[in-house]
Amino acid sequence: MLVASYPLLDLNTFHMDVKAQWFASFSSKTELRALLTDRRISEEPLLILGGGSNILFTEDFEGVVLKNNIKGIHIVEESNDSILVDVGAGENWHQFVLHAVDNGWAGIENLSLIPGSVGASPIQNIGAYGVEVKDVITSVEAVNVHTKESRQFSNAECLFGYRDSIFKREEKGKWIITKVRFALKKNAALNTTYGAIKDTLDKMGISVPSIKDVSQAVIAIRQSKLPDPAQIGNAGSFFKNPEISINQLHSLKENYPAIVSYPIDATKVKVPAGWLIETAGWKGKNFGSYGVHKDQALVLVNYGNADGNDIKQLAQSIKHSIWETFGIQLETEVNII
Ligand code: FAD
Ligand code: EPU
């Protein structure tokens, strides 16, 4: 049943004090399908909410917000060295990672401590420390908002890219993800190539890490630089790391010899937006109730009762400044509503 004028303050990690005109949560596909028969859902704007950790609300949501609470972790197939597991979209992502780590299932330990729900993980193909969720997803189950039919998207059909998928593009707003199937490994080689993981394991005195060691190293790295949304409102990286041509990198190096870059292919590199924003002088800037995080310039923060429009405006000013300084266009990662 849809509830009117529902507070969303505790349902978004930026802690924006906004309301949904109509709100309901669902715990199964049957409940979801029943909700979808409500004519307000076809007539009003619709927003599916997971953990609210990649959303910036700038005003009350004039429409219907549906919160996904579908739970369950079910083993589909298991062998000596692999496991296929179905996970309800409303499961908490980090709790699922911990469950996998505790059971010795490898593949997602580098994605420890990412906030949000399992159902949102394919939407922007969450990634961290050298791993993206596309590496372990075999299929995504979703219900069509209009026809209520259920469909499986294979990994290839999801058209995953860096912080990107079909659910952010051609199929945006058409599907509600209800379940994700993961292929994880037992006794797998672990991915510790990402510099900071190796250094952290060294500091922990660990030379042959277990899955749990890698997970704990990632958690320690993240806690050292990312603000905890329970303490300071934020939605992680506000912008994507931009791709530029090698030629542009060479000309930028003339003025900025310390510029950081990661190769993509023979013609392109990725530049950390955090480096650009810090170098342009924004890191740690405080505007009273909001600002740029002091330890990670890519994270915009709400210190108390900021208005979403203040943060949106700050993001615009940063984009403008990065364009003026480096000739690089930043793209927003967070969903601004
Ligand atoms: P929400 O914010 O609720 O929703 C995000 C989008 O997905 C919205 O458009 C929403 O409508 C849609 N959506 C959500 N659930 C569904 C569903 N079931 N069906 C259809 N659409 C749906 N991201 C990374 O990739 N890597 C990181 O390292 C990382 N670190 C972070 C650190 C912090 C401190 C924070 C606050 C965020 C970080 N993020 C990171 C971003 C965020 O955690 C991810 O994008 C996460 O997947 C969002 O999940 P959510 O459930 O909170 O999604
Ligand atoms: N950097 C700076 N100044 C800063 C921040 C970063 O110079 O203020 C430099 C660092 O020194 C480093 C480089 O930028 O050389 C990369 O920094 P970091 O390892 O912190 O990662 P990031 O590129 O800023 C990305 C993801 C994160 C993910 C981490 C770890 C994007 C947009 N962000 O951040 O994802 O956790 O790598 O893999 O790709 C998110 O998407 O919300 C998110 C937090």
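In the predicted model, an oxygen atom of ligand 2 lies 2.9 Å from an N or O atom in the side chain of Glu333, a polar contact being a pair of N or O atoms within 3.5 Å, where within protein one atom must be able to donate a hydrogen and the other to accept it, and residues adjacent in sequence count only if both atoms are side-chain atoms. A further oxygen contact of ligand 2 involves a polar side-chain atom of Gln296, at 2.8 Å, and a nitrogen atom of ligand 2 is placed 3.4 Å from a polar backbone atom of Gly274. Of the 820 Å² of accessible area that ligand 2 has on its own, the protein covers 82%; accessible areas come from the Shrake-Rupley method with a 1.4 Å probe, and for residues only the protein chains shown count as cover.

The model is a predicted one, in which local features need pLDDT of at least 70 and side-chain atom pairs count only at pLDDT 80 or more, whereas totals for chains, interfaces and linings use all residues. Residues are numbered from 1 along each chain as its sequence is written, chains are lettered from A and ligands numbered from 1 in the order in which they are written, and side-chain values use heavy atoms, with hydrogens and water left out.

The shell around ligand 2 comprises 23 residues, the closest being Tyr129, Tyr162, Glu278, Gln296 and Ala297; a residue is near a molecule or strand if one of its heavy atoms lies within 4 Å of it. Two or more shell residues are given by each of α5 (211-225), β13 (233-237) and α7 (273-279), where helices (H or I, at least four residues) and strands (E, at least two) are DSSP runs numbered from the N terminus. The largest share, 3 residues, comes from α7. By class, the shell around ligand 2 divides into 11 nonpolar, 5 polar and 7 charged residues, with Ala, Val, Leu, Ile, Met, Phe, Trp, Tyr, Cys and Pro counted as nonpolar, Asp, Glu, Lys and Arg as charged, and the others, Gly among them, as polar.

Glu333 itself is found in the loop between α8 (308-326) and β19 (335-336). At 7% relative accessibility, Glu333 counts as buried (buried means under 20% relative accessible area, exposed over 50%, and partly exposed in between, with a 1.4 Å probe and protein chains only). Tyr162 carries a charge over its ring: Lys270 lies over the face of Tyr162, at 3.2 Å from the ring centre. A charge sits over a ring if NZ of Lys or CZ of Arg is within 6 Å of the ring centre and within 35 degrees of the ring normal. The charged end of Arg40 likewise sits over the ring of Trp22, 4.4 Å from its centre.

Around ligand 1 there are 32 residues, of which Ile48, Gly51, Ser53, Ser117 and Arg222 come nearest. Oxygen atoms of ligand 1 are approached by a backbone N or O atom of Gly52 at 2.8 Å and by a side-chain N or O atom of Ser53 at 2.7 Å. An N or O atom in the side chain of Arg222 lies 2.7 Å from a nitrogen atom of ligand 1. Taken alone, ligand 1 exposes 970 Å², and the protein buries 93% of that. At least two shell residues are supplied by each of β3 (46-49), β8 (127-128), β12 and β13. The shell around ligand 1 divides into 16 nonpolar, 14 polar and 2 charged residues.

Rings of Phe, Tyr and Trp (its six-membered ring) pair if their centres lie within 6.5 Å, with planes under 30 degrees apart counted as stacked, over 60 as edge-to-face and the rest as tilted. By this rule there are 13 aromatic pairs. Phe153 and Trp175 form an edge-to-face pair, 5.0 Å centre to centre with 85° between the planes. Phe153 lies in strand β11 (residues 150-154) and Trp175 in strand β12 (residues 175-185), so this pair ties together parts that are 22 residues apart in sequence. Both Phe153 and Trp175 are buried. The ring centres of Phe287 and Tyr290 are 5.5 Å apart and their planes are at 20°, so the pair is stacked. Phe287 is partly exposed, at 36% relative accessibility, whereas Tyr290 is buried, at 16%. Ring pairs also link Phe14, Phe238 and Phe239 into a cluster.
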